[in-house]
Amino acid sequence: MDNVIKVEEVSKIYKLGQIGSGTLGQDVQLYIDRLRGKEHVAASENDEDIHIALQDVSFDVKDGQAMGIIGKNGAGKSTLLKILSRITAPTSGRIKIKGRIASLLEVGTGFHPDLSGKENIYLNGAILGMSKAEVKSKFDEIVEFSGVSKFIETPVKRYSSGMYVRLAFAVAAHLEPEILIVDEVLAVGDADFQKKCLGKMKDVSNNQGRTVLFVSHNMEAVKNLCSQVVLLEKGKLVEIGNPTTVINTYFRRNTNYFSHVNYDAANAPGNEKIALRSADIEIANGEVLEITTGFVINFEFDLKCDFEEFNYSLNVFSVTGQHIFNSQSHSFKASKGKLRAGCIIPPDLMNNGDYTISILAVSKESICIYNFESVLRFEIFDNRKSDKWFGEIGGAVRPKLDWKIG
Amino acid sequence: MSAEAKGEWTQVIEPTESAFRINFSELWRYRDLVALFVRRDFIAAYKQTVLGPTWHIIQPIFTTMVYYFFGSIAKLSTDGVPSVLFYLTGIVAWNYFSSCLTKTSNTFVGNSTIFGKVFFPRLTVPISTVISNLLSFGIQFLIIIPFLIYFRGSIHPNLYILFIPVVVVLLAFMGLGFGLIVSALTTRYRDLTYLVGFGVQLAVYATPIIYPLSMLKGKWRSLASFNPVTALTEVFRYALVGKGTFSAESLTYSAIFSVVILCIGIIAFNSSEKTFMDTV
């Protein structure tokens with residue numbers, strides 16, 4: 001199969017801070033060089049002065065392939081897309097393309113608020129590269145897909161944000177480029193809309209045999225839509241291969257954030273009765289904290305006196321401060337000295353997200369001995385297997401419960 | 001294995017292309033977009049306004065009235081031409097030039113959002129500006145006609161009227177050229193847009209709009225002749241009313257100047273086009 005996109009050693013370097021190389025003489029020289037079409041050489045290679053957004057990235061995309069591009073924020077994904085969309089030029093390297101490219105970096109580009117939906121369809125279509133005749137032939141389809149036919153003659157500034165986004169995507173969805181580039185358009189809009197977008201992209205890729213380049217953080221969508229995935233990290237291409245492998249690499253290299261703490265006697269938080277010496281998280285199997293993995297939260301305390309009735313109270317919070325749940329241990333007799341405890345969190349209870357833990361030492365189930373706040377932080381990844389729903393599944397917890405059907 | 005010959009590829013994205021080339025076939029492919037931009041400029045600008053497109057007419061008429069009063073107070077000559085016509089013709093010609101300049105100079109800054117999201121040939125925006133200004137010029141030209149008829153006894157329109165399209169083209173080149181240069185510079189130095197704004201307002205006085213070129217003598221006349229717009233406004237006026245000061249040399253000067261400035265403008269614009277999103 002032929003290559004339709006060939007990215008060759010593409011780099012993009014941004015100068016930080018001041019615009020221009022600093023002196024007028026150098027600026028003029030750079031300008032003349034640029035006029036003659038010479039490649040731009042960065043005036044200064046100082047670490048502090050430059051930001052390397054992309055470094056020697058090379059890969060090929062074959063005809064009809066759906067290629068995903070993943071990476072943490074700041075890895076260079078959007079920069080790569082901007083270069084592919086000719087919005088900015090690479091600092092070095094080149095990209096060879098066969099076929100017409102259409103990019104969806106944002107929906108509703110060029111929509112003018114005072115023009116009606118109909119007028120904007122024509123304008124937006126033309127901006128995206130469709131001819132007037134093309135737009136005309138697809139007009140009815142577009143209006144139907146958007147679901148705003150009743151309001152098509154009203155100025156778009158009167159549209160709700162949902163209508164706006166639906167109309168914008170409807171136009172973009174009916175482009176017929178050979179190569180379609182999509183940048184997290186799915187991040188906007190409601191559940192229905194996201195489903196429609198993905199459905200359309202799948203249709204474009206599988207049924208119409210067009211090439212699709214898809215940038216997203218939504219691993220489920222990427223796994224479902226793409227046959228090959230590229231992983232970018234700090235501007236470099238780290239891996240390219242089949243979705244499952246590359247996505248696992250991504251998770252492994254960006255292991256869920258979870259902390260361990262260790263305090264020596266002098267710095268241990270607590271009071272004259274109890275002090276926390278260490279806490280960590282132990283994952284039952286595998287290396288990654290996912291919804292389906294159970295894990296144990298281990299604590300080690302120094303108890304400075306005896307307690308007849310002693311128990312723990314564990315509180316889990318989301319990083320936004322929402323109280324997720326509380327769990328209390330049974331009461332037991334605790335003696336002065338080292339105290340170890342572990343709280344076992346079962347699989348299929350937690351929802352994905354970022355969390356913090358606080359733990360209280362309690363006496364007689366009512367008196368707070370000490371509240372150790374924000375002891376640990378951890379992140380749980382979503383690893384659901386569904387290929388039908390890609391949106392967020394909300395809720396403080398996501399327990400797997402038994403269902404009685406029928 | 002696919003062939004590596006450049007002929008195989010539809011396009012190659014490289015760090016820089018020569019700024020001397022214009023991709024005409026690409027511009028032609030986007031001609032519908034140019035038309036829609038023109039339509040957008042005309043329609044959208046007047047939605048929900050009281051006076052709508054009559055603004056095109058109000059500006060020259062009011063300006064003519066102001067010049068008329070000022071001119072008679074200051075006893076400025078109008079070369080034997082009925083004052084209203086004298087000022088109106090100058091204003092209409094100058095308006096075309098200045099609006100091409102000011103609107104084009106705002107291309108990058110004014111469109112940075114849309115330029116940052118989608119690719120389309122950036123030159124389509126200045127081109128659509130020139131065309132919508134042409135429509136505006138057409139409307140203003142139509143207002144001149146009733147006055148020409150009213151004053152037909154005292155004026156001598158002549159065959160130079162056939163030269164008017166050339167004048168319009170040269171004014172467009174000049175406005176576009178300067179505008180493109182400024183727009184390329186504004187990606188780095190934003191305050192240039194303000195400079196251009198009032199610069200153009202002042203430049204009116206350096207051009208024979210409120211006064212005829214014939215009123216200037218000696219060194220003032222030579223200074224005014226350095227202004228490449230001078231000959232064009234003078235010949236425009238001459239064609240319609242029969243009075244104006246110009247020569248083959250001054251016209252040639254204006255023609256060459258406008259072509260050269262247009263080329264410089266296009267080069268400046270092209271060279272900024274690729275990387276302006278990094279600095280704008």
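**A chat about chains A and B**

Biologist: Let's start with helix α11 of chain B. How many of its residues are buried?

Modeller: In this predicted model, helix α11, covering residues 228–241 of chain B, is mostly covered, with 13 of its 14 residues buried.

Biologist: And what comes just after α11(B)?

Modeller: That would be Gly242(B), which takes a positive phi of about 85°.

Biologist: Can you give me the overview of chain B? How many helices and strands are there?

Modeller: Chain B has 12 helices and 1 strand. Of the 280 residues of chain B, 42% count as buried. If you take the contacts in chain B between residues at least 6 apart in sequence, 80% of them join residues at least 24 apart.

Biologist: Now the two chains together. How many residues of chain A are in contact with chain B?

Modeller: On the chain A side there are 42 residues, in contact with 34 residues of chain B. The elements of chain A that give two or more residues to that side are β1 (3–15), α1 (24–35), β4 (92–97) and α3 (117–127).

Biologist: Which of those gives the most?

Modeller: β4(A) does, with 5 residues. By class, the side of chain A that touches chain B has 16 nonpolar, 15 polar and 11 charged residues.

Biologist: What does β4(A) pair with in chain B?

Modeller: It is joined by 3 bridges to strand β1 of chain B, residues 11–13, and the two run antiparallel. As one pair to look for, Ile95(A) has Ile13(B) as its bridge partner.

Biologist: Which strands make up the sheet there, and in what order?

Modeller: The open sheet has 4 strands in the order β2(A)-β1(A)-β4(A)-β1(B), with antiparallel pairing. Strands β2 (50–62) of chain A and β1 of chain B stand at the edges with a single partner strand each, so one side of each is left without a neighbour in the sheet. Ignoring direction, neighbouring strands of this sheet are turned by 15° against each other on average.

Biologist: Which helix packs on the sheet?

Modeller: Helix α2 of chain A, residues 77–84, packs on the sheet and touches β1, β2 and β4 of chain A as well as β1 of chain B. Its direction makes about 65° with that of β2(A).

Biologist: What about Gly321(A), is it buried or exposed?

Modeller: Gly321(A) counts as exposed because it has 7 C-beta neighbours inside 10 Å, and the cut-off for exposed is 12 or fewer. It lies in the loop between β13 (307–318) and β14 (323–328) of chain A. From Gly321(A) to Thr356(A), 35 residues away in sequence, the C-alpha to C-alpha distance is 8.7 Å.

Biologist: Last one: what pLDDT does chain A average, and where is it below 50?

Modeller: Chain A averages a pLDDT of 83, and 87% of the residues score at least 70. Over residues 41–46 of chain A the pLDDT is below 50, and this stretch has 8 contacts in the model beyond near neighbours in sequence. Where pLDDT is low, the predicted coordinates should not be read in detail.

Note on methods: Residues numbered from 1 in each chain as written. Chains lettered and ligands numbered in written order. Predicted model: local features only at pLDDT ≥ 70, side-chain atom pairs only at ≥ 80, totals over all residues. Buried ≥ 20, exposed ≤ 12 C-beta atoms within 10 Å, placed from the backbone. Contact = placed C-beta atoms within 7 Å. Nonpolar A, V, L, I, M, F, W, Y, C, P; charged D, E, K, R; others polar. Pairing = 2+ DSSP bridges. Axes fitted to C-alpha atoms, helices over the stretch in contact; angles between N-to-C directions. pLDDT = per-residue confidence, 0-100.
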